[in-house]
Every structure is written in structure tokens, then in C-alpha cells.
Amino acid sequence: MRLGLRSGESSIPKALARRCADPAGGRYKPDDPHRESPDHHRERDMVRRPTLETEHLLLRPFRLSDAPDVQRLAGAKEIASTTLNIPHPYEDGMAEEWISAHQERFEEGRVVHFAITLRSDGALIGAIGLGIDKEHERGQLGYWIAVPYWNRGHCTEAARAVVRYGFEVLKLNRICSMHFARNPASGRVMQKIGMSREGCLRQHVKKRDQFEDLVYYGILREEYEPARAGAQTAVGPDRQGNGQDIPQRSGPGAPSPL
Ligand SMILES: CC(C)(COP(=O)(O)OP(=O)(O)OC[C@H]1O[C@@H](n2cnc3c(N)ncnc32)[C@H](O)[C@@H]1OP(=O)(O)O)[C@@H](O)C(=O)NCCC(=O)NCCS
């Protein structure tokens, strides 16, 4: 897939996909199949893909009508530069093809894709996805945010929600991610969502004739759960009173509450 993700090596059964599509608490709800009438009849027979809500964002399934935005936003050279599988130029038809594969990948239990949209006005601002390896109960996170929206905390907010979905709904044991060594902003997102740096694979991939170092990050269920427990007392206004930041635990690799 074109999110810098690798999909899982094995699939999870449809039953798990159905379980994953069930509501699980107030912040998670199924997508409304009536939202887009042309797909209505086709969607009636489909396993519903999840929608996640956060303070500022709605993470929802992509629709074919998102394709022009995906082509325009993911087509920026800055997005292709630090991802492995996003094409540049992003040609006509590519976004439609990518979006069209999402439902099947979800039903096979291989990947859950989310469009990152702003709750305030519905604007599509990026994409995030979780590749699933059922055999090892492991997820792999990938994401991009449209350039005009960088450095506003959107990716961190989206990634926290998807990590939470991975542990609490999919019941994964581990969620990992990786970034090019020359992309520290992505590494910072991984740190902020509580992942630990696990190492650097030197010249692990070749992109546009250049070998690239890949930095690996991960978080385990056993780290996430204490972090969630900590969140119950840690959540609340920070010293500036804006309530956005959850205090980090001290110490290297300590998970932050999600
Ligand atoms: C990586 C990316 C998703 C980050 O999205 P974002 O919404 O800007 O991320 P956030 O605002 O949540 O967090 C970014 C963090 O990186 C920091 N940052 C930005 N540029 C940085 C740099 N050059 N060096 C170090 N930190 C940097 C920001 O200050 C922020 O950290 P802070 O909150 O501690 O200040 C976005 O830059 C992007 O889409 N890049 C292109 C595609 C890509 O690289 N995808 C990831 C592939 S692994």
C-alpha cells in the first residue's frame, strides 16, 4: 500500500474483521453506509469499516469521491520524498485504484485504512493505516499529512487513535512503525505516541537510486496498558490549561498515554 506501510504477511479471518467493525466504546463507531448514496447498495453487503473520533479529527474510511483530494495532496513531492510506496507523479486513476482496494484488504484482515479529516469542516488532510499480521498479532503503522497541515499535531492525534484501536479493538500485541533516518518529524510522532526506538537498519531500502537508513520504533501491549492506566490520572489540562498535552513519563522509551 502507498502509506509507507507493509501489509501483514497473513490475513485475519472475516470473523475478526467483523469483530473489529463492531462499536467499541464512545470514540469508535461504524461508518454510516448511507453517507454516500452511489455506494449504498454495494456497501449493504460489506463488513463496515471503522470510524474513529478524536478531539479535532474524524478518521473515516476513504470514499471514491476522495480520490481527487488524495491525488492532489499525496501528489506533493514532499509526501513521496519520505515514503516508500507513494508514487510521484501521482497520476490519474492511482488514487481511485488505491481506494478501491481498501474494503477487500479490510475484509481480509490485512490493512485498515483511515482518511484523516478535520472535524471542524470535514477537510481531508491525510491518511493513516495499520497493516495487520494476524499470525504474530502485530500491526504496522503508516501515515502522511498534507503539507499545509504539518506541525499542528494532527498526525500524533490520529496515530494515537489508531494505536488505541489496534490494541483495544484488534487486540494486537505489538505495533511498530519505521521512518527514513532523514525524516525526524515522523520519528517525533512515534516518540509522542509512546513508541520506543528499537534500532536503525542501515541502507535497508533503495529509493530513487539512494540507499536509505530505516529507523524502527515499536510499542508493546504490556507497555500500552500501563500507559492507559496512567492516562486516567494524567489526562487533563496541562500547565497552560489547554488540556491538549498529556505529561510524558520520564525515562527513555517510556510510553505516553494514548
Ligand atoms: C511525518 C508527518 C506525517 C508528520 O505529520 P504532522 O502532522 O506534522 O506531525 P505532528 O504535528 O503530530 O508532529 C510533528 C513533530 O515533528 C517535529 N518536527 C517537525 N520537523 C522536524 C525536524 N526537522 N526535526 C525534528 N522534529 C521535527 C514537530 O515539531 C513535531 O514535534 P513536537 O510536537 O514535539 O513539536 C508529515 O511531516 C508528513 O506527512 N510527511 C511526509 C510523509 C511522511 O514522511 N510520512 C511518514 C512516513 S514514515
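Of the contacts in the chain with a separation of 6 or more, 63% are between residues 24 or more positions apart; two residues are in contact if their C-beta atoms, placed from the backbone, lie within 7 Å. This is a predicted model, in which local features need pLDDT of at least 70, side-chain atom pairs count only at pLDDT 80 or more, and totals for chains, interfaces and linings use all residues. Residues are numbered from 1 along each chain as its sequence is written.

**Overall make-up**
- The chain has 9 helices and 9 strands, which are DSSP runs (helices: H or I, at least four residues; strands: E, at least two) numbered from the N terminus.
- Of the 258 residues, 38% are buried, that is, with 20 or more other C-beta atoms within 10 Å of their own C-beta, placed from the backbone.

**Around the ligand**
- The shell holds 22 residues, and Thr82, Cys155, Thr156, Ala185 and Arg188 come nearest; a residue is near if its C-beta atom, placed from the backbone, lies within 6 Å.
- Two or more residues each come from helix H4 (77–81), strand S6 (138–145), helix H7 (154–168) and helix H8 (184–192).
- H8 gives the largest share, 5 residues.

**Strand pairing**
- Strands S7 (residues 174–180) and S9 (residues 210–220) pair antiparallel over 7 bridges; pairing requires that DSSP finds at least two bridges between the strands.
- Methionine 178 stands opposite tyrosine 216 in S9.
- Strand S8 (residues 196–207) runs antiparallel to S9, joined by 8 bridges.
- Lysine 207 has glutamine 210 in S9 as its bridge partner.
- The hairpin of S8 and S9 has 2 residues between the strands, and arginine 208 there takes a positive phi near 45°.

Methods: Buried ≥ 20, exposed ≤ 12 C-beta atoms within 10 Å, placed from the backbone.
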